[in-house]
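Please walk me through this structure in plain terms. I would like to follow how its parts are put together.

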Amino acid sequence: MSQIPQLLSTAVDLHKAGRLTEAEQGYRRILAQDPRQPDALHLLGLIAHQQGRHEAAVETIGRAVALNPNVALFHSNLALAQRELGRLADALASCRSAVRLEPGLATAHYNLGCILSEQLENDEAVRCFQRTLQILPTHVNARKCLGDVLVDQGRLDEATDQYRQALALDPHCAAAHFGLGNISVKRGRPEEAVVHYHQAVSCKPDYAEAFDNLGNALAATYQFGEAVNAYRRALQCNPALPDAHNNLGAAL
C-alpha cells in the first residue's frame, strides 16, 4: 500500500504547526515517490510563498494546477504568489478561476477583493469582501479591507462599522485602529485620531505608517514635541518612509 496518504497527513500537521522546514521535507519525500502528486506540489509551493520565495511558489503551485486544474484552492494560493510578484493580471485570472470552481471558498473572494482594490476597482472589491463575509463572518481581514475600500468611496459611517466589527473579533487588529484614526482625521477630529493611532502602535509596535499619522495628528493639535518623537519612531521602524522624513522636518 502506498505510504503517500500517511506522509501527506503528517506533513500537513507539521505545516499547520508552523514547522515549515520539517513539512517541506515531508512534501519532498512524497514527491520523491511521485513527482506528479498535486497536493504535495501545491503545499510545497505554499511554503515557498510563506517564506517569501514567490517565484518558486508560482512555479511549484503552477505545476499542481497543471496536474489538477479543478481545485479552487490551488488557483487561490497561486494568485497570492503572483500578486507578490506584481503580476496582477495573472493573479486576477487565478482568483476568478478559484471563485468559478468553488463559489463558497471565502479566501478566493477575499484574495480577489484585495487585487481589485489595488486596481481601484472598488465597486467590485466591495462585493467580493461582502461575499467573503457572507461565507465567513469572522474573517477579520475582510472586514478591515472592506472598511478601507468604503473609506475610499467616502462611505465613512459604513467603514467605521466594519472597523469596529473587526475589532470586536480581534481587539488587537492594528489596521482597524489605524483605519478609525484615518476616519477621525477626515472628520476633523485630530484629538480622537491620536487615541486611535496610539492603539494601533500599541498593537503593532513597528507600525511605521501609524507612527507617521500619529505625528500628523499630534502636530494638528500643536503638540510638536510629541509629534517629533512620533515621526522619529516611524523612521526607526522604516527609515525609507519619505512622508515621515518630510513631516519630521516640518515639525522641527
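**Pocket, cores and helices**

The largest pocket holds about 330 Å³ of space. A pocket is found on a 1 Å grid over the protein atoms alone, as an open set of points where a 1.4 Å probe fits, with protein on both sides within 12 Å along at least five of seven lines; lining residues have an atom within 4 Å of a point. Grid points are joined across faces, edges and corners, and the volume is the space filled by probe spheres set on the points. Of the 17 residues that line the largest pocket, Lys144, Asp148, Tyr163, Phe178 and Asn182 are the closest to its centre. At least two lining residues come from each of H7, H9 and H11, and H9 gives the largest share, 6 residues.

This is a predicted model, in which local features need pLDDT of at least 70 and side-chain atom pairs count only at pLDDT 80 or more, while totals for chains, interfaces and linings use all residues. Residues are numbered from 1 along each chain as its sequence is written, and side-chain values use heavy atoms, with hydrogens and water left out.

The chain has 15 helices and 0 strands; these are DSSP runs numbered from the N terminus, with helices being H or I of at least four residues and strands E of at least two. The C-alpha atoms fill a box of roughly 75 × 35 × 30 Å along the principal axes. Of the 252 residues, 49% count as buried, where buried means under 20% relative accessible area, exposed over 50% and partly exposed in between (1.4 Å probe, protein chains only).

The largest nonpolar core has 35 residues, and Leu112, Phe129 and Tyr163 have the most contacts inside it. Such a core is a set of buried Ala, Val, Leu, Ile, Met, Phe, Trp, Tyr and Cys residues joined through side-chain atoms within 4.5 Å. Two or more residues each are given to this core by H5, helix H6 (88-101), H7, H8, H9, H10 and helix H11 (174-186). H9 provides the largest share of this core, 7 residues. Another core, of 25 residues, lies apart from it and includes Tyr197, Val201, Ala210 and Val228.

Helix H8 (residues 122-135) has 14 residues and reaches 20 Å from first C-alpha to last, close to the 20 Å expected at 1.5 Å a residue; the expected span is 1.5 Å times one less than the number of residues. Its buried residues are Asn122, Ala125, Val126, Cys128, Phe129, Thr132 and Leu133. Down the axis of H8 they fall within an arc of 165°, so they line one face of the helix; the arc is that of the directions from the helix axis to the C-beta atoms. The face turned away from this buried side carries the exposed residues Asp123, Arg127 and Gln134. Among the elements covering the buried residues of H8 are helix H7 (106-118), helix H9 (140-152) and helix H10 (156-169).

His75 sits in helix H5 (residues 72-84) and is buried, at a relative accessible area of 9%. Beyond its neighbours within four places in sequence, His75 is in contact (heavy atoms within 4.5 Å) with Val65, Pro69, Ser94, Ser97, Ala98 and Leu101. Val65 lies in helix H4 (residues 54-67) and is also buried, with a relative accessible area of 13%. The C-alpha atoms of Val65 and Ala219, 154 residues apart along the chain, are separated by 52 Å.
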